[in-house]
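I begin with the model itself.

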Amino acid sequence: MSLYLNQIAQLVALQRVDDEIYVIDQEMEKAPREVEGLRNEFAALQAEKAHLDDKMVHLREQAKRIDFDIDSDLDKMSKGKDKLMQVGNAKEYHAMMREMDSLEKTTRTREEEKITLADELERQKAAMADVEERYAAMEADLKAKEETLDARLTEAGKKRAELEKEREAAGKDIPAPVLARYEFIRMRLSHPVIVPVDTGICSGCNISIPPQGYIELQRGTQILSCPNCQRLIYWNQHFSAE
């Protein structure tokens, strides 16, 4: 194998280790974000549940007040009927009849309001049942994720430490200038660092390599970078031919 291909093979081997490290790092970032996101969702659901609780308490208080008012009006109407039998003149009689009519209208209005409140309370109960079902499921999910978060991070940390040792071993035979170039790109560009080129297309950014650059790449005399994404590139057919 030529010096060029040997160096490319070494870089690809290093990249494979970095691929695994990248996955581990993503997991170590993702796991706490998942838990925090779930905590925020749970807090929002708690607020929704509390709002429904308050609304149902208010509706029940309204219904209780209306029941009291209806009972009070019915009591007044009953007493009014008794008094009506004792009225001594037409003027008092008509005045009491107007009062009775007013009480009956008020009572009918309150009865209608009571029905409306009862319907609304049933809707809120259905909404609460749905919230409580989601609440229980999310609470269990959050608890499980919180309990396993530390274990996940610890395990990922151990795996990463092992990969760092593998990485050191993979890079020790790479010439210092080549390794320094790889590390420079790794610190400044998104993963990965070195990618194959097939049919003139960089697999890192999916942009065509200029014809002259592609010819140079096929010659395999020096390590080149993609002019678009700046990643290190190699012609995959070199390894197929080997």
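Which residues does L232 touch, not counting residues up to four places away in sequence? I looked up its contacts (heavy atoms within 4.5 Å) and found L11, R181, Y182, I185, V193, I194, V195, I223, L224 and S225.

I noted that this is a predicted model, in which local features need pLDDT of at least 70, side-chain atom pairs count only at pLDDT 80 or more, and totals for chains, interfaces and linings use all residues. Residues are numbered from 1 along each chain as its sequence is written, and side-chain values use heavy atoms, with hydrogens and water left out.

Entry on the cores. I looked up nonpolar cores, which are sets of buried (under 20% relative accessible area, 1.4 Å probe, protein chains only) Ala, Val, Leu, Ile, Met, Phe, Trp, Tyr and Cys residues joined through side-chain atoms within 4.5 Å. The largest has 26 residues, and L232 is among those with the most contacts inside it, as are L11, I194, L217 and I233. I recorded that α1 (3-84), α3 (176-188), β1 (194-198), α4 (211-219) and β4 (232-235) each supply at least two of its residues; helices (H or I, at least four residues) and strands (E, at least two) are DSSP runs, numbered from the N terminus. The most comes from α1, with six residues. A second, separate core of 18 residues includes F42, L45, M128 and M138.

Entry on the lining of the largest pocket. I found that α1 provides the largest share, seven residues, and that α1 and α3 each supply at least two.

Methods
Buried means under 20% relative accessible area, exposed over 50%, partly exposed in between (1.4 Å probe, protein chains only).
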